[in-house]
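Student: I'm new to this one and would like a close look at a single part. Could you pick a pair of helices and walk me through how they sit together?

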Amino acid sequence: MKRQETESIHNKNTQLSTTFRLSGRLFGVNITDVKEITMETSFTPIFHAPEEVRGYLNIRGHIHLVLDLNLLLGFGKTEVEADSRVVLFKPSVGESFGVLVDQIGDVVEVKENQIKKQSEEPVGKDINSFNHTKTKLTHGICQLDKELLVLLNSKKLLGALD
Amino acid sequence: MSFDPSLTDDFIAESKEHLAIIEKDLLAMEDYEDSIIPDAIGEIFRSIHSIKGAAGFMGFTQISEVAHVMETLLQMIRDNTIQPNSQHVDGLLVGLDMLTTMLDAPQSSNEIDTQDVHTILSNLIDEGSSPQIKAEMETAIPLLDNEKNRLEFEINEFELKKLPDSHTNLFILKFDLTLLAKEKAISPVILVNELMKAGIIVDAKIDTPAQNLSSNLEDESLIYQVLYSTILERDLVCSLTNLTKKDVIDVTAEKKPKPVAPSPSSPLPKEKMPDGDRNNNDTIRIPLNLLDELMTLAGELVLVRNQQLLTVNKSDPIVHGIAQRLDLVTTDLQETIMRTRMQPMGNIFGKLHRIVRDISRKLNKQIEIITVGDEVELDKSILESLGDPLTHLVRNCCDHGIEPPEEREQAGKSPKGLITIKAYHEAGQINVTIVDNGRGINLERVKAKALENGLKSAEELAQMKEKEALSLIMAPGFSTAKEVSDISGRGVGMDVVKTSIEQLSGSINLESKPGQETSVHLSLPLTLAIIPCLIASVEGHRYAIPQVNLEELVRLYDDDVYTKIECAGDHEVYRLRDYLLPMVRLNEVLRRPKTFNETTLTEISEHYHNQKIQKEMHNPSMTFAVLKAGSKRFGLIIDQVIGTEEVVVKPMHSKLNELLIYSGATVMGDGKVALILDVDGIARHSHIDAENRLHSEEESELHQKRHVEKDSQAVLLFKSGKHEQFAIALPLIRRVERIKMSQIEQIGEKQFIEIDGVSTLVLRMEDQLNVSPCLEKEDAFLLLLKHIKRPFGILLSQVVDVVETTVHLNVESYMEDGLLGTAIVRGQMTLFIDIFRLIEKAELDWFKERQTHSPPPEEQKHILVVEDTVFFRHLLQGYLEAEHYQVTTAENGQHALEILNGTSVDLIVSDLMMPVMDGWSFLEKLRKQEAFSDIPALALTGQDTDLDREKTYASGFNGYEIKINREDLLTQVAQLLQVEVASKETSPMMLPV
């Protein structure tokens, strides 16, 4: 799996990211991981599930687990508002699930050499608020024209529930 | 072997299909003993052959060898070398069983000892083979390639001969399995099938050094060598197999066999026809998840259809027509997809023929089995789980039902017994009836057995209706077979069948006409993927409760909501008819992710009881569902019942598997997700089964009562001031009256209120004890006491609850005059009130009367108190000691007698209802001993009936008191002691009446 990932990045030199906002900050995931983005935010709550689980969502007959990405990253609980969206991932990323985000952003093209890998350098100022386990969700950081883009590793999101 | 597991799975699935066909054909063959159907033989032969081929190259050598021997025998039958009889069929069936066993766990099949099977089959082969064939089989023919080099393969003459004449060409083909699987996705199974279409695999080998077998084979090439006999020329073989010429080695047998004259009966040409008609049922194998996917999509289509129907303008005929068609097509589509999961009953009926055949042989009975409705279809998963119960039922029929032939003839029946199994659709369910025309069920024997096993008492059995008695057979631990046989009746019997049927959401019914027949009727749902559910809502969210678990719905109105839900221990309970049903509040269950413990339970029941007392609940009705999970029953309180619906079950997300209370999720008609509740999980989560207290209905209640009598006491918990919680023994309380604070009148230093037209003295706790003052709010309560002659009540602000509590009062940590002691009840320190002492403190003059009647004794009198309840024992002791008596206590009559043997007492105060030895027998025993014949004895009891009174005096008591009026008790005690003193001084002795 790892090999494939690095291959796709090296081969192209650039990577497309689906970006979205969480508590005012810009985050992104690899666009190839994303199945779709939906406006549907009427979840069925699942009592007894971890706090980060917002509930179940039916997308064309498939039940998806929706996680609160703000909570996963150590921000507060997401308030569902008009701009709220759910980013749903492909089955290859993990068993049918999606994440609730505050607002969806543009698709951003990032050059491979612009990405600072999480493991190589200490975390930047902006994301000091992450605690240790949450930093594992981060794939890398990229300086855009106006702001920082934090790239998340979508394959690790479900695992953060444990 | 490290083959891809899915490959092994394919192999197993396919082989099992073959085996099923073979079995059917073998049994059919036996029925037509005289005229063998060559078709059937050919078919069996082909099936065994392909198992052999596939097994050989999966490395399951034992499977392949057994198949090989069977094949040889079949070959001889086919060639008319052997006239098959039932011995041969038996032998082949044995082989078949061995194959089935090995296929169940192919990975370990190579360790299975197949020697017996080999011996049986080889003997059959030996018997049938002419000396010539034997010789042929023993003659190995070395094989040579074009350069006349010896090859690894050997072939015996017999095998060589049995190759069809047309197959003149022999090749060795070398395949690299790893390469095939990786690059062309051709599995060995496919490969074998391909090869078999154009020729015969005579022998095959896998070329791997033995030590490498267990190591990783993935990257190394795995050479599969096939000795292949075909009509095709080398070039064609190359193109067929995509092998290069160097991998196809031309082979010649050293001695070219003489051409065998083609026998006219040889079915070979026919056999060669590609894909025999029965092998090819026009079926394909589809993974279940693909079907589930289709199911999901169809479900979604229904949703879209529903939305579309809402928006359609019904007045436009064209649009309306289209909408209607969409409606029809969608429904059809959904039904069709449902059907893909369905499998015919015939799949399991087939096995039953074999079972009946084997058993009837073994038992020397003649039994015929007829199955009707082989084509009736039912969900694959249900069908699979139905196999075992059905087998068991049929075995029962053979073993218990059908009589031996002699017995049948004597009874005027045909010597051949008949078992009829019928499957049919009815009312959306699958019904299966199993009827045997045997001896029926002997009800008397069933009853006798039930009595013997202690399942029911003689009275219960006498009252039982026929049907009820019959159902005893399905009670756990019941077996009517006189001797436990290895066919049925291993102590676990019909109860297991019943449980498995119920697990499938089905039901089972028995009927019997003695001497004529027994019939068992099964009803089963069509599918488990869709289950009927009750949809209920709690706090605005919908939940599905499987109907299987649902027994009934109960709705309470108005005051019942407050009064009918009571507390027993930590649990809220509802008295449903004669059963104490524990109650679970779904909203509380959902709110609390942690499994309930006693604290949680107390919290919940207290919370609702406070609401109850203060009538804070606005909702004047309450609904609960009576649910059953295994042996547990409980009431689940929900907000609202929405209705029933058939829901498609989807499993929970794998990250949420740990959640006990859900069994799955489903998409509702409006496209929203609803969770399906796991009733058993909820029971476990809410700690219903703690202490097993509610398992068997009456017994546990009785047990509980006894338990209570021993060392616990029902007390009323109440509050007066802000802080302290008080407790008073329930038997002392007459009732609690609701009063208005404003109605209390102040007269001098005392307060009075009118209750039932009587001015009643109001006693405030803070006046007598060092506690916080009673809350001044308008609604208050007055506690009225039993056994107090003067009108008198204790003021309280809040009734907390009635609880059963163990009474081991602590007198060390905090003690005050007017208290019995303290104890922790529901996590709070609670003051137990000595009510008589309190009254005494408040109104000294009330008790003066008695004191004048009983002057304080000059010397201490010794009193023996016999009482089983700890609480009353302490209470009595306290009262008597306060009057300066010396007190010894005993727990029951037996205990008291022991004490009396070493101690002299002046008076006995004894309870009547006690364990071990009750008060009556205690006194009778006592009076028989001369030394004790005149000790005065006072009986104490809670029951004030004339019968008791008579019995009590008859047994030798001198007096009788009702629990527990302190004043009267002490008066009586004093009187009895005086009588005794008097009787010693003067005579004659007078018994008080």
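**Two helices side by side**

Tutor: Let's go with α3(B) and α4(B): keep in mind that this is a predicted model, and start with the way α3(B) passes α4(B), which is a left-handed crossing. In chain B, helix α3 covers residues 61-78 and helix α4 covers residues 86-104. Their axes are 10 Å apart, and the packing angle is about 160°. Angles over 145 degrees count as roughly antiparallel, so α3(B) and α4(B) are roughly antiparallel to each other.

Now for the residues that meet. On the α3(B) side you'll find B:Gln62, B:Ile63, B:Val66, B:Ala67, B:Met70, B:Leu73, B:Leu74 and B:Ile77. Facing them from α4(B) are B:His88, B:Leu92, B:Gly95, B:Leu96, B:Met98, B:Leu99, B:Met102 and B:Leu103. Sort the residues of this contact by type and you get 13 nonpolar, three polar and no charged.

Take B:Leu636: leaving out residues up to four places away in sequence, B:Leu636 touches B:Ile545, B:Val584, B:Leu586, B:Thr623, B:Phe624, B:Ala625, B:Leu627, B:Leu677 and B:Ile682.

Terms used
Residues are numbered from 1 along each chain as its sequence is written. Chains are lettered from A and ligands numbered from 1 in the order in which they are written. This is a predicted model: local features need pLDDT of at least 70, side-chain atom pairs count only at pLDDT 80 or more; totals for chains, interfaces and linings use all residues. Side-chain values use heavy atoms; hydrogens and water are left out. Axes are lines fitted to C-alpha atoms, for helices over the stretch in contact, and angles run from 0 to 180 degrees between N-to-C directions. Helices (H or I, at least four residues) and strands (E, at least two) are DSSP runs, numbered from the N terminus. Angles under 35 degrees count as roughly parallel, over 145 as roughly antiparallel, 65 to 115 as roughly perpendicular and the rest as oblique. A crossing is left-handed if the near helix is turned anticlockwise from the far one by less than a right angle, and right-handed if clockwise. Contact means heavy atoms within 4.5 Å. Ala, Val, Leu, Ile, Met, Phe, Trp, Tyr, Cys and Pro count as nonpolar, Asp, Glu, Lys and Arg as charged, and the others, Gly among them, as polar.
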